[in-house]
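I opened my notebook to go through this structure one feature at a time. Here is what I looked up, in the order I got to it.

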Amino acid sequence: MKRSTINDIMAEADAMIRSFGFTLPPWAYWTPETFKARASDARAVIEARCGWDITDYGAGRYDEMGLFLFTLRNGRLADLQRGGGMCYAEKLLISKQDQLSPMHTHVIKAEDIINRGGATLVVELFGSDAGGNFDETAGGTVLCDGIKRDFDAGEKLYLAPGESVTLMPGDWHAFWGEGGDVLIGEVSTVNDDETDNLFREPIGRFAQVEEDTDPTHLLVSDYRTWLA
């Protein structure tokens, strides 16, 4: 993805987030230079990989297959493993109309996916085989707003604003906006986007960036190179 395109997506996403009454934390608006100067102060943010995250899954077709994410807070895997401490994470996402977030599941993370506003969020579901692998014939059970719901293989949930689904490891899912763009909340256990995403197809989690202009703000995938 071109850096100029990423900058434009950031501005558009920030406007949408604000339109629904949410405001990102102050450090979200730091320039790369400020982030470098305050890297020591922001060590917890950097190590938790909080911040801006825009992906086309390496396919180069963001409008067709992509996702905007902003990780607001993220806990520690060590705390989750010992069963105490900061074991949670929270994100805001934007799924544009007909923009696919492809079929995947997680090894560790359980998550609530919440329609925070906008159009309808469509979530397509499949279950797993005994080894946790994608099974095109398997259904399962999820919670929708805390209420048990059984699903058949390939069944679609249509979540209106305010509605949610709870997904456990092994619940394979893809999603997109229908009828417009959707602001999504994600509340989950500790999030590790580098190792905990299992995609049905062999695709990348992060975009390859073409530096055609300076970044407005750093992506989480920039931290290693820009803040080294």
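Is Arg18 buried, partly exposed or exposed? I found Arg18 to be partly exposed, because its relative accessibility is 42%. A reminder to myself: this is a predicted model.

**Entry 1: helix H1**

I stayed with Arg18 and looked for its charged partner. Asp14 forms a salt bridge with Arg18, and the closest N and O atoms are 3.2 Å apart. Both residues sit in helix H1, four residues apart, which is about one turn of the helix. Asp14 has 15% relative accessibility, so I noted it as buried, the cut-off being under 20%.

Next I looked up Ile17, which lies in helix H1, residues 3–19. Ile17 is buried, because its relative accessibility is 0%. I then asked which residues touch Ile17 once neighbours within four places in sequence are set aside. The contacts are Phe22, Leu24, Phe68, Leu92, Ile94 and Leu183. I also checked Ile17 against Thr225: they are 208 residues apart in sequence and 28 Å apart in space, C-alpha to C-alpha.

**Entry 2: other salt bridges**

My search of the whole structure gave 16 salt bridges. Among them, Arg61 and Glu64 meet at 3.0 Å, N to O. Arg61 is partly exposed, with a relative accessible area of 39%. Another of the salt bridges joins Asp79 and Arg76 at 3.4 Å, N to O. Asp79 counts as buried, because its relative accessibility is 10%. I also wrote down a network in which Arg3, Glu211 and Asp222 are joined by salt bridges that share partners.

**Entry 3: aromatic rings**

How many aromatic pairs does a search of the whole structure find? I got eight. One of them is Trp30 with Phe35: the ring centres are 5.2 Å apart and the planes stand at 75°, so I called the pair edge-to-face. Trp30 is buried at 17% relative accessibility, and Phe35 is buried at 3%.

Tyr57 and Phe199 also form an edge-to-face pair, with 5.7 Å from centre to centre and 75° between the planes. I liked this one, as the pair links distant parts of the chain: Tyr57 is in the loop between strand S1 (51–55) and strand S2 (67–74), while Phe199 is in strand S11, 142 residues apart. Both Tyr57 and Phe199 are buried.

I noted a cluster too: ring pairs link Trp27, Trp52, Phe68 and Phe70.

**Entry 4: strands**

S1 and S2 pair in the antiparallel sense over five bridges. Five of the five residues of S1 are buried.

Then I turned to strand S9, residues 164–167. Ser164 and Thr166 on one side and Val165 and Leu167 on the other are all buried, so both faces are covered. Strand S5 (residues 111–126) pairs with S9 in the antiparallel sense over four bridges. Strand S6 (residues 140–144) also runs antiparallel to S9, joined to it by two bridges. Val165 of S9 turned up as bridge partner of Ile113 and of Cys144.

**Entry 5: the surface**

Last, I looked for a nonpolar patch. Leu77, Val107, Ile108 and Leu198 make one of about 320 Å². Leu198 is found in strand S11, residues 197–199. Leu198 is partly exposed, with a relative accessible area of 37%.

Technical notes. Residues numbered from 1 in each chain as written. Predicted model: local features only at pLDDT ≥ 70, side-chain atom pairs only at ≥ 80, totals over all residues. Heavy atoms only, no water. Patch = residues over 30% accessible without salt bridge, like charges linked within 9 Å, V, L, I, M, F, W, Y side chains within 5 Å. Areas by Shrake-Rupley, 256 points an atom, 1.4 Å probe, with all protein chains shown as cover. Salt bridge = Lys/Arg side-chain N within 4 Å of Asp/Glu carboxyl O. Buried < 20%, exposed > 50% of the residue type's maximum accessible area, 1.4 Å probe, protein only. Phe/Tyr/Trp six-rings, centres within 6.5 Å; stacked < 30°, edge-to-face > 60°. Contact = heavy atoms within 4.5 Å. Pairing = 2+ DSSP bridges.
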